[in-house]
Amino acid sequence: MSTITLGRDHTTESFTAACSDAIRLRAGCTVEKPHERAREFRGKSLPQLARACLASRGLDVGHYGDIEVLKLCLNQRAFNRELDRVSLMHSTSDFDYILQDASGKTLRQAYETAPSTWSIWAKRTTTPDFKTVSRAQLSAFGELLAIKEGGEYTFATISDQRQTYTLAKYGRGFSITWESLINDDLSAFSQIPTAMGRAARRLEDSLVYETIFGANAGAGQTMQEDSLALFASGHANTGSAAALSTASLAQTESLMRSQKMPGSADSLNGGDFLHISPRYLLVGPALHVTASQLAVSIVDPGKNNATPNPFFEHLKVVVEPRLGALDSNGWWLVADYNEIDTAEVCFLESEPAPVIEEENAFDIDGRRYKVRHSVATAAIDYRGFAKNAGA
């Protein structure tokens, strides 16, 4: 059976959604598709919205001042103590929800639009809990052996090496007092959540570049399979130090292309060649122009003749200031994580983005909000990385 709706939707859900969008619009936030009733409430101050919220639940608040209205909205204990109307306790939750919704949407918008570079080249993944995450790399299968007539097959031995990491929880809190609401201070719904959303993005980038590239004085994260730094001579992924050019790129790239799978116990010549090719060229701001020229120039930008550039459109340049701060001359090559495991940035499955939660503040007249973000990062396999210290 079809349902026909006439006129505007005046349900509680409609009211709260419209008020939330109205607050964000008044705070100067971008709302792509504001609720159709948002204009109805956009001109109202926060105390007026609180009054309308209580009135929508059937409470006559015409004789209350703004302070009393906000106390009722923000402090259930005060509501019960002063009015002794337990049946109306749920009236206080609507305004709380409106404020939390406005803050949460603003934070998520800022988080999603904040500049970030790790997502260009690293793999995003999730885990259901805070237990240790384990990633395995299987060894080579071993060479196929000749079988004589009537002979038996021997079984290969396959080993695995593991890299593990564990989610960590990060957060910060802020509070909204009824004084701020009386003053119609909208910073709590624009500036603070926006700053927190951007801070969450910065946290991710900082963890990625400081953990994976910056550890061990720039030699990179310690790999659990052999206790060597990510970039080490034992990993054969550090090029001869040279300024960024087609020649130094070729020498450093050849290291990645020559990487092998881990050898098994019965491998005669170690593991098989992986045939990895670099996909990303990571540089600091000082090398941005040079790297871009090498990536998009048809001819070798380092020569005066028309020598073809072998790296034309083969590399995607990623410019990251944190890398420049770690090593202004250095540059890094990273493979496509679909070709080989490189790095992972992991989030809690139920909270893949920062979230806001709220609670009663008993020592102030207002509400406390906390922002939580659970994330971890790790390099999984050194074979998908190469570094050149530059010159």
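**Entry 1: a strand pair.** I'm working from a predicted model. I began with strand E5 (residues 278-283) and strand E7 (residues 331-335), which run antiparallel and are joined by five bridges. I picked out one of the partners: valine 283 is bridged to tryptophan 331 in E7.

**Entry 2: what packs on the sheet.** Next I looked up the helices here. Helix H10 (residues 246-257) packs on the sheet and touches E5, E7 and E11. The direction of H10 makes about 40° with that of E7. Helix H11 (residues 288-296) packs on the sheet too, touching E5 and E6, and its direction makes about 170° with that of E6.

**Entry 3: the whole sheet.** Which order do the strands take? I read it as E6-E5-E7-E11, four strands in an open sheet with mixed pairing. Strand E6 (316-319) and strand E11 (385-388) are at the edges with a single partner strand each, so one side of each has no neighbour in the sheet. On average, neighbouring strands are turned by 25° against each other, direction ignored.

**Entry 4: stepping back.** I checked the totals for the chain. It has 12 helices and 11 strands. Of the 391 residues, 45% are buried. Among contacts with a separation of 6 or more, 71% are between residues 24 or more positions apart. The chain exposes about 19,900 Å², and carbon and sulfur atoms supply 50% of that.

**Entry 5: the cores.** Which residues have the most contacts inside the largest nonpolar core? I noted Ile23, Phe95, Leu99, Leu181 and Phe189, in a core of 35 residues. Several elements each give at least two residues to this core, among them helix H1 (12-26), helix H6 (91-113) and strand E10 (366-379). I followed up phenylalanine 95: leaving aside neighbours within four places in sequence, its contacts include Leu46, Leu49, Cys53, Leu70 and Leu181. There is also a second, separate core of 27 residues, including Val208, Phe213, Val318 and Leu323.

Entry 6: Last, I looked at two loops. Aspartate 184 isn't a glycine, yet its phi is positive, at about 55°. Aspartate 184 is in the loop between H8 and helix H9 (191-213). Glutamate 313, in the loop between H11 and E6, has a positive phi near 60° and isn't a glycine either. Is glutamate 313 buried or exposed? I put it down as exposed, because its relative accessibility is 60% and the cut-off is over 50%.

Key:
Residues are numbered from 1 along each chain as its sequence is written. This is a predicted model: local features need pLDDT of at least 70, side-chain atom pairs count only at pLDDT 80 or more; totals for chains, interfaces and linings use all residues. Side-chain values use heavy atoms; hydrogens and water are left out. Two strands pair if DSSP finds at least two bridges between them. Axes are lines fitted to C-alpha atoms, for helices over the stretch in contact, and angles run from 0 to 180 degrees between N-to-C directions. Contact means heavy atoms within 4.5 Å. Buried means under 20% relative accessible area, exposed over 50%, partly exposed in between (1.4 Å probe, protein chains only). Accessible areas come from the Shrake-Rupley method with a 1.4 Å probe; for residues, only the protein chains shown count as cover. A nonpolar core is a set of buried Ala, Val, Leu, Ile, Met, Phe, Trp, Tyr and Cys residues joined through side-chain atoms within 4.5 Å.
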